[in-house]
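I have opened my notebook to write down what I look up in this structure, one topic at a time. Come along and check each entry against the picture.

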Amino acid sequence: MNHLTIHNHQTIALEDIPRMAYADFYDLNTGWIKNSEHCHCVNYFGHRTGKDLLLICCVADDATGSIYVSAHPTNGHTPLESMTAVAPCYERFERELHENFGIPMVNHPWLKPVRYPHHRADQTQTMDTYPFYSIDSEELHEVGVGPIHAGIIEPGHFRFICNGEQILHLEIQLGYQHRGIEALMVKNKNLLRRATLAEAIAGDTAIGHTTTFCNVWESLSQWEPTPDVVYARTLALELERMAIHTGDLSAVCTDVAYQLGSSVLGRLRTPIVNFMQEWGGNRLGKGFVRPGQCVFPFTSQLSDRLTTIFTEYERDFNEIMDEIFQLPSALSRFERTGVVSTEDARAIGAVGMVARTCGIARDIRATHPTGLYTTLAHAPIVKHHGDVYARVSLRREEIAQSMAYVREWMNTIPESSLHTEPAQRLQPNAFTLSLTEGWRGEICHCAITDDNGDLATYKIKDPSFHNWMALALAVRNNEISDFPICNKSFNLSYAGHDL
Amino acid sequence: MLSNIKILYHQGKQFIPDVTTAKVPGIFRGRPVISTTTVDTQALTDCCPMNAITSAPVAIDLGRCTFCGACARRFPDKITFTTDYQISTNERERLIVKEGDTGKVEVNPASVRKEIHRTFGRSLKLRQISAGGDNSCEWELNASNNVQFDMCRFGIDFVASPRHADGILITGPITQNMARAVQICYDAIPEPKIVVLAGTDAISGGVLADSPAIDRTFLDRIHVDLYIPGNPCHPLTIINGLLDLTRKKTLNG
């Protein structure tokens, strides 16, 4: 059995990916997960050409910084033995392959629809016929919430099975946000329009997803990003992390009815997003990242401005966080609420923030670094209890860490350079994989080009794709009244999942 | 308790006193102005990834525009984006800014349904529906209610149930998978009711307009009372738009 070992952002010829019989493919990809706690699946998807279907599995090794790529050619009809029973992190990937291509997955324990995409193999499956798990019991009752929720958030349906106030089981039905972004990425030929699409994958992670898209595009067109391009994107990525973490801390305070914390943190997000507007004209960083160019170079004036903002932000942020962390009414809601065990997090292949709150030091900035992170020696912040408290304190410390990084980077601002846009034409018949640590966690985009050097397949994976299962596990045996605070402490993406 | 009061004191005054005149910081891209300078019109219309620019006369459709500013960087003499954030209107055609136009994009009081001023003039409760929204407009709608923008002070609120609502505010292009939920929610709101579309995706489908996964037929069945452009729409655009729609303006503005 062989496989190909690549690194982050590397472009390879599609034919170089070793193709193997399914038994070998199965052993290889389940073997890594079973034998090494450093391995997790970053993407597993199908590439359709005519009647042929090529399954490509990409497993990242956090210990070596490598990505192992292997492929299995199939046709979509041949039944395949599910890998989920042995390696549960493949669970949703296999469901997705089944839903998109109709591949019969044998012995999959939970072969349910993922998102009801417009191109699903079985059009008789509809949102209204989702096969929820249910228990026939006189004592237990079910609670259905959504797709429209009480607040201003994205749609999804949550079905709880409860014993009194206690949640026994939660099943999350997604797909309401499906907009067909992957198909549009291939269909639209205009590069700027594709970049705009990348911004819409998850609007709260516009910098993260668009940066990943640009990395893919620039790697495929062999365009080496200049220092100012890398600099601006990395700074913006850390500012995005700070802004969203601040907003989420505010929302957590709202859910424990701590009004002061909610108000103060809510308004503290404003200076960060307003700075993004001063820099790039948009509070959420849309229109900021574009392939092959640095549209908004960072200047010393901006640096002075951000330094002032940080000073004021830091003072007020620390004051309110110190208060929250010694407030019994808040702590009693955070501690031991919504626990995800390390074993569960590892089994489901959790990434990013969720993994790091469960004792797993999984962070692309440390394990598969590129750009400014290569010289940073980034030490991920890790918490061990996997509860709301861990997620709240992780966010607090990550804000401080990001702020320290940005301050350090502001000491040396690279010269602005002249840019030529990367060629519209990409390397033909090539494969690229790009990983970026967004604020939620690892974003993975994979692209495959055709004979003419245009996109043939574009696969997007938001960290939420792994982490929704963590939320479902976290709320078990919790009071249903604690669901909002659990949900908000994760703040997973519906749009990023549904695509 | 004392530490809470101290924190409260340290916040100073956060709210924006006058949301109609507040200045937005930086290079915010709001209402565009198109000069009458002659440029290569073909190159101008082609440079817009959203096909929001049309020729003869040159015009930008703010219902399609993502305010990325690509056109203004390429043709700085032709197009400039001002920081004017008051760009919400109740008429779809008004979102089209033509060359030479310098006037505001605003609500036309003459075409606002009469019951809106009478019924919602002092209190408006909206049910928000995200129907394929990417969570950027949703963030900004939440921000409209923070202590700085503080939309509640005008009696405008978002409520949990359509039964408590006076209308819906939709973000996102309306996906097929949300189409039924949008209709059910709309039907559950008592008459009279309004419909507001917030953000480029909601107004025109935006970058997702040509997707086979969206279903915008709901919009063929209802009357849209307010368009709030932006990608995402700025909180001040949201607040001013809703105020202009519901408050009866005098002739002097």
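**Where the chains meet.** I looked up the contact between chain A and chain B first: 47 residues of chain A and 50 residues of chain B take part. I count two residues as in contact if their C-beta atoms, placed from the backbone, lie within 7 Å. On the side of chain A that touches chain B, the elements giving two or more residues are helix 4 (191-200), helix 7 (259-280) and helix 8 (300-324) of chain A. Helix 7 of chain A has the largest share, with nine residues. My helices (H or I, at least four residues) and strands (E, at least two) are DSSP runs, numbered from the N terminus. By class, I noted 21 nonpolar, 16 polar and 10 charged residues on this side of chain A. Here Ala, Val, Leu, Ile, Met, Phe, Trp, Tyr, Cys and Pro count as nonpolar, Asp, Glu, Lys and Arg as charged, and the others, Gly among them, as polar.

**Reading notes.** I keep in mind that this is a predicted model, where local features need pLDDT of at least 70, side-chain atom pairs count only at pLDDT 80 or more, and totals for chains, interfaces and linings use all residues. Residues are numbered from 1 along each chain as its sequence is written, while chains are lettered from A and ligands numbered from 1 in the order in which they are written.

**Two domains in chain A.** The domain assignment gives chain A a domain 1 (4-114) and a domain 2 (181-194 + 205-466); such bounds come from an automatic or database domain assignment. I found the C-alpha centres of the two domains 26 Å apart. Their contact takes 25 residues from domain 1 and 27 residues from domain 2 of chain A. Strand 2, strand 3 (39-49) and strand 4 (52-61) of chain A are the elements that give two or more residues to the domain 1 side. Which strand gives the most to that side? I find that strand 3 of chain A does, with six residues. The domain 1 side divides into 13 nonpolar, eight polar and four charged residues.

**A hairpin in chain A.** I then followed strand 3 of chain A to strand 4 of chain A: 10 bridges join them, and they run antiparallel. Strands pair in my notes if DSSP finds at least two bridges between them. The two strands form a hairpin with two residues between them, and A:Gly50 in the turn has a positive phi of about 60°. I also see A:Thr49 standing opposite A:Asp52 in strand 4 of chain A.

In chain A, four strands form an open antiparallel sheet in the order 2-11-12-13. Its edge strands are strand 2 (11-13) and strand 13 (455-461) of chain A, each pairing on one side only. On average, neighbouring strands are turned by 15° against each other, direction ignored. Helix 5 (residues 206-220) of chain A packs on this sheet and touches strand 2, strand 11 and strand 12 of chain A; its direction makes about 150° with that of strand 11. For such angles, axes are lines fitted to C-alpha atoms, for helices over the stretch in contact, and angles run from 0 to 180 degrees between N-to-C directions. Seven bridges join strand 11 (residues 430-437) to strand 12 (residues 442-449) of chain A, and A:Leu435 stands opposite A:Cys444 in strand 12 of chain A.

**Chain B as a whole.** I counted nine helices and 10 strands in chain B. Its C-alpha trace spans about 65 × 45 × 40 Å along its principal axes.

Most residues other than glycine have a negative phi, and most peptide bonds are trans. I noted a cis bond from A:Gly146 to A:Pro147, with omega near 15°. Another cis bond joins B:Ala56 and B:Pro57, with omega about -10°. A:Ala257 has a positive phi of about 60° and lies in the loop between helix 6 (227-255) and helix 7 of chain A. Is A:Ala257 buried or exposed? A:Ala257 counts as exposed because it has 11 C-beta neighbours inside 10 Å.

Notes: Buried ≥ 20, exposed ≤ 12 C-beta atoms within 10 Å, placed from the backbone.
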